[in-house]
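Here's a quick briefing to read alongside the model. Have the sequence and the 3D view open as you go.

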Amino acid sequence: MPILDSLFTDAALAGGLVLAGAFGTFVIFVFLGLLALPVTAALDKSIGKEKALLLYAVALLAFTFFVLAPSGPLGRAATAGKEKDIKVDELSMRGDPFLRAEFDHEATRNAFRPYSDTRPLPPVTLETPPWVALDFALPPTIPGPAPGHRQVLRGPLPKLTAGDASTVPEIPDAVFSDYTRVPQDVYDWVVDAGGRPYYIYLLAIGDAAGWHAEGTPRYEELKWVLQNQTEGFDELRVKHATIGAEGTAAKYLGDLQILERKLKGRVEKSARDEAERGWHLRRSVTNLYIEALIRQGYQPTADVTVVKPINPEKLRRVAKEMAEVGATGKESRGGWRRAIHVLEVALEEVRANRGAEERAEILLEVLAAQRALRDEQAVLRTLAEYMRTAPRSAQARTWLGQLHLTGMQLPSEALSYFDAALARDGRYGPALIGHGDALSFLGSHADALKSYSKGTSDDARLRKALAQLRLGKLTEARGNTESILSRNPADMGATLVRACVLYTLGDLETARAGFEQVASSPEAHEYRARACYNLGLTCIRMGQHDAALAAFAACDKSLQQGSSTGPTPDETVSPAFGRSLVAYAAGDETNLREELEKGRREAPRSAYIEMFTGMVSSLEKNDASAIRALDAALRYAPGYAELDGWLAKTYSRLGLLGTETNAGAAETAETFDRAIAFAERAADRESSADRTSYAARLRETLVRIGAEHLPKKQRYSKALEAVTKILDTSELREQPAALALAGYCNFQLEEYDECIRKLQQVLDVVPDEDEATWKSWRDYAEAALTAVKHWRSLEELLVAFKGTALDREWNADEKHGVRARVDEGTLRFSGDSTHDGRREDATVVVKNGKLFARESFESVTLTLKIPRSVRGQATNNITFGIEVVADSGRGGKAGAKRPGIAVFYDKAKIAVRVQGGQDKKYKEGNVVRLDPERLWPEGEDVTVRFVREDGQRGTMAVYLNDKLIVRDNVSTFKLTRGKAALWIGGYATETEPFDVTVSDIRVVRRKAR
């Protein structure tokens, strides 16, 4: 700015004039003081010494007033009136004048500080804190904790070994409700005198018109005369095959060849011959149906579907009997079909001639039969009519809700029906359970628990335990299941849920026993697939490879036999996924992917299966695949807290990759922002579930630390805010990892005292023991604390070469025509060597013993420029080096073998010298070329750096252009008192020209105590 330039110029000029004026005034008054001697001596004779001194003093005062008065020649000032005419340009300051900008020590010299002054070192680079690993999310059972509460299932997945000979109990085949035939269903029978049944097969019945074979209309009429011994019974004859007693008849049930042989031995008898024992026609559904009709006063006809005249009350009684037959499963539940038939006949009569109330009652009976047959379309039609007939019925709406929920998996629609049912009867148990089921299907488990809690049945209590399990209320869930089992130990539903609770609590032995009990129970077909699947998961966690595979094989078989897959899409049994877990735990990558893809098809909306896929991909660093799977899991289960941690980790790694590959700034920033959002949400969810948890908050802090798209201050301030939330919790104020992270953030924010305090606190909290829980974080804090303290104990000295000659700190030994001089801020060695030299008789050497001492030395770095060729010679044949040596003072021969370490340009090769080291190659302290020989680095400027790497052992290292040349333990350079010096110089074994430049000497040393 011109204004500032002029201000600084005027200020400099004014300062110079002030100094010149002061000096001139001083000289004048010295002169006047000396003049007083001859003047007073001359006047003494005429007026006396006292008067002469008084007169001289008055004259001196008058002179002073004339010279220094404001109106005098050296003190003129503007008058008050003229000050108004002084024109001053307005000075505009931009920015914050008190803002301290970062000072680049490498590229910029502070113009207001002498160049050779010491200064603090730029901050060290602390190692980034270690990542807090995400615990493996263990698979939930089915049923199990809901996605938002699965954080209780964390821990390592055990290693599995194939062929471990572990087993599971024998799992029986499914026991369906299909009816198993007995002799009464296949044969007719008579009862002998002892009351034991004796079985025959009735082939034909004869009357006056002749024989009527089985299946003819007349046969159907006569068999009921025979059965009931009504009019005409005495004239009947029968043809039958003799089968035998109970055991024989049961033996021949499925053996048609034997039965055919038996039928050939037919017997003809009079019906009266068997009258004393009594006839019983075979118990087929049709026969039982006709018997029920006969009991209600209907006469059997050839067409047994005709039931006229219609009496609704009688037909409902027939339907009730047939429903009982249907419940046995006989003839594929044929009794239900007969019940539906007679009810529909009765319903037609009621529709035409009766009231709505009776019609509603019959419709409910029809619904029960249709539901038993699982005829959902018929159920919908009947329900629609029932709702028109009884618009205020809670039962119909409950059934409609159950149909939409279980049959069509439409929970929202189902919920509206359950709500309507409860609006009519708020205590109706099935509606309360259905309402809770629909809410649970939608993931609203807390509301489902409220609904279940209003019920009083064991079914409602079991559902209540399920909701508590899904909400992570494991103690309450266990108590409820045990309460049910205390009343009914054979309740397989309660046994399954109790085992799921124990699995989640980590009591695997007891959980395994519970799953085995359900899986091997003949009465638990509905639950068997879930029990086998859960048994497999338990065996995995217990490290039982073969048993896990056997359990998943039994699960496959149970599903094929019709066992339930699970209540909701997120809780779906998938044996293929179970096998993929086995493959993962066993390190079988080939089967892992194949089985995992099958599992994703078997359970396409399972949040855990998708998350497991994402976890595996993330651990393999296949981030794109991981994010696809994790995003899918997030769609299925937005409240899945475990997902946020994996998404945060994966997006954070993608962001860092984008930074490394110079991806677009906007894209990288968006990736980092997603990582932060997921990490923060995971931490908030975890702390809301458990205020003493901290792992997710630690990961949030680390994700924020890695967010390189943000300005440094904002980045580390936000990270510090996150980790402080842990330390502000009373139970966690000394959490070691949080303290270490906070200390790291303090360091990055230049809060060094606070950084040291936090890191020291970690060391105070965690014992220095190999088995200590937080040993790795103690090690990190200890290393960081050592680095910070060490850095703060150091200072940097930039050595300047000013003027044209070396200052007094440098001692030069010049001979044989080569001189060391200062040339435009560099140290230059030039001239022609006129004498053959050697190290003990160096051609030229300069040394400085004031830069550092043995105790304070840390490192020295300089730039050395040696031409590879000189004056047409292909190789520059001088030997020139840098030495850091123990020193006793300014004197001493330049080439003396003092302890220390050195590196040399030796005729274009690299050579080293170590005196007082341990390496035998350098034991004699001579200049030795590297073995194998290496050329001096190419390029004009070569950076030479000496570093003390271990003060306790005196380890010294030399680097050329950051490549290690030599490292050795030099006992003199342990942390002991004593002088040390930097020597720079060289020699030629014959007359050679020198043209070596040394610049940018930087010394790092410990501050004086």
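A quick word on terms first: a residue is buried at under 20% relative accessible area, exposed at over 50%, and partly exposed in between (1.4 Å probe, protein chains only). Strands (E, at least two residues) and helices (H or I, at least four) are DSSP runs, numbered from the N terminus. This is a predicted model, where local features need pLDDT of at least 70 and side-chain atom pairs count only at pLDDT 80 or more, while totals for chains, interfaces and linings use all residues. Residues are numbered from 1 along each chain as its sequence is written, and side-chain values use heavy atoms, with hydrogens and water left out.

- In β12 (residues 844–848), 5 of the 5 residues are buried, and the strand is mostly covered.
- Val 844, Val 846 and Asn 848 point to one side of β12 and Val 845 and Lys 847 to the other, and all are buried.
- In a regular strand, side chains alternate between the two faces of the sheet.
- Strands count as paired here if DSSP finds at least two bridges between them.
- β9 (residues 810–814) runs antiparallel to β12, with 5 bridges joining them, and Ala 812 sits opposite Val 846.
- β21 (residues 979–987) also pairs with β12 in the antiparallel sense, over 5 bridges; here Val 845 has Gly 985 as its bridge partner.

- β19 (residues 955–960) is largely enclosed by the rest of the structure, because 6 of its 6 residues are buried.
- Thr 955, Ala 957 and Tyr 959 go one way from β19, Met 956, Val 958 and Leu 960 go the other, and all are buried.
- β18 (residues 942–950) is antiparallel to β19 with 6 bridges, and Asp 950 stands opposite Thr 955.
- That β18–β19 hairpin has 4 residues between the strands, and Gly 954 in the turn has a positive phi of about 70°.
- β20 (residues 963–969) is joined to β19 by 6 bridges, again antiparallel, and Asn 969 is the bridge partner of Thr 955.
- The β19–β20 hairpin has 2 residues between the strands, and Asn 961 takes a positive phi near 50°.

**Aromatic rings**

- Rings of Phe, Tyr and Trp (its six-membered ring) pair if their centres lie within 6.5 Å; planes under 30 degrees apart are stacked, over 60 edge-to-face, and the rest tilted.
- By that rule there are 22 aromatic pairs.
- Tyr 716 and Tyr 744 are edge-to-face because their ring centres are 6.0 Å apart and their planes meet at 65°.
- This pair links distant parts of the chain, 28 residues apart: Tyr 716 is in α30 (residues 712–727) and Tyr 744 in α31 (residues 736–748).
- Both of these tyrosines, Tyr 716 and Tyr 744, are buried.
- One aromatic cluster is made of Phe 136, Phe 577, Tyr 584, Tyr 608 and Phe 612.

**Charges over rings**

- A charge sits over a ring if NZ of Lys or CZ of Arg is within 6 Å of the ring centre and within 35 degrees of the ring normal.
- Lys 239 has its charged end over the ring of Trp 211, 4.4 Å from the centre.
- Arg 541 does likewise over the ring of Tyr 503, at 4.5 Å from the centre.
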